[in-house]
Amino acid sequence: MAPTETEVAQLAEARDRLRDAHLRPAANRPATVGRGIHHTALLSGDVERTIAFYQDVLGFPLTELIENRDYPGSSHFFFDVGNGNAVAFFDLPGLDLGPYAEVLGGLHHLALSLTPDQWAGARERLDRAGVQYQLESGTSIYFTDPDGARIELISDDLGEMYGSKIG
């Protein structure tokens, strides 16, 4: 059930309080200790279908396909999403995981940045592949992958969202 108007106002006040308490001006922020996201791992119900979608439709090259060290017989495979970052997948043969489900603590969506030209090309490939999507703010495309994970392709620069700095 969606929050009431009063609850929305209270949530906005709480967000403002958190921003005031924790968000430091860019000039006063310490440097991060991180180097970036090495990879994020999703589940694949069909390795070949996932490769065809992420490599051929979305345009992210497959860079490795190895056995998953944690589950004999399972594949662990990686796609280059730019800047040394990867999206990885596991298949888990023999386990009936059921359909994708958005749950608390689970993945809401994965946002991948593309240049405006590459974004337009990916949109054309999604159209040709018959993938239904939602266009948002002229810079984001939301859709689900073959296993139901929600993906966003965004043409804003890294560190920006809808024209505002987030990093």
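A search of the whole structure finds three salt bridges, a salt bridge being a side-chain nitrogen of Lys or Arg within 4 Å of a carboxyl oxygen of Asp or Glu. The model is predicted: local features need pLDDT of at least 70, side-chain atom pairs count only at pLDDT 80 or more, and totals for chains, interfaces and linings use all residues. Residues are numbered from 1 along each chain as its sequence is written, and side-chain values use heavy atoms, with hydrogens and water left out.

**Salt bridges**

- Side chains of opposite charge can pair when their charged atoms come close.
- Arg-19 and Asp-16 meet through their side chains at 2.7 Å, N to O. Both residues belong to helix H1 (residues 5-22), three residues apart, which is about one turn of the helix. Helices (H or I, at least four residues) and strands (E, at least two) are DSSP runs, numbered from the N terminus.
- Arg-19 has 40% relative accessibility and counts as partly exposed; Asp-16, with a relative accessible area of 38%, is also partly exposed. The classes are buried (under 20% relative accessible area), exposed (over 50%) and partly exposed (in between), with a 1.4 Å probe and protein chains only.
- Asp-147 and Arg-49 form a salt bridge of 2.5 Å, N to O. This pair links distant parts of the chain, with Asp-147 in the loop between E7 and E8 and Arg-49 in helix H2, 98 residues apart.
- Asp-147 is partly exposed at 22% relative accessibility, and Arg-49 is partly exposed at 35%.
- In the salt bridge between Arg-69 and Asp-70, the closest N and O atoms are 4.0 Å apart. Arg-69 is exposed, at 79% relative accessibility, and Asp-70 is exposed with a relative accessible area of 60%.

**Helix H3**

- H3 (residues 116-129) has 14 residues and spans 20 Å from its first C-alpha to its last, close to the 20 Å expected at 1.5 Å a residue. The expected span is 1.5 Å times one less than the number of residues.
- Trp-119, Gly-121, Ala-122 and Leu-126 are the buried residues of H3. They lie on the same side of H3 because they cover an arc of only 160° around the axis, the arc being that of the directions from the helix axis to the C-beta atoms.
- Pro-116, Asp-117 and Arg-128 are exposed on the other side of H3.
- The cover over the buried residues of H3 includes helix H2 (47-57) and strands E6 (134-136), E7 (140-144) and E8 (150-154), where contact means heavy atoms within 4.5 Å.
- Gly-130 follows H3 and has a positive phi, near 75°.
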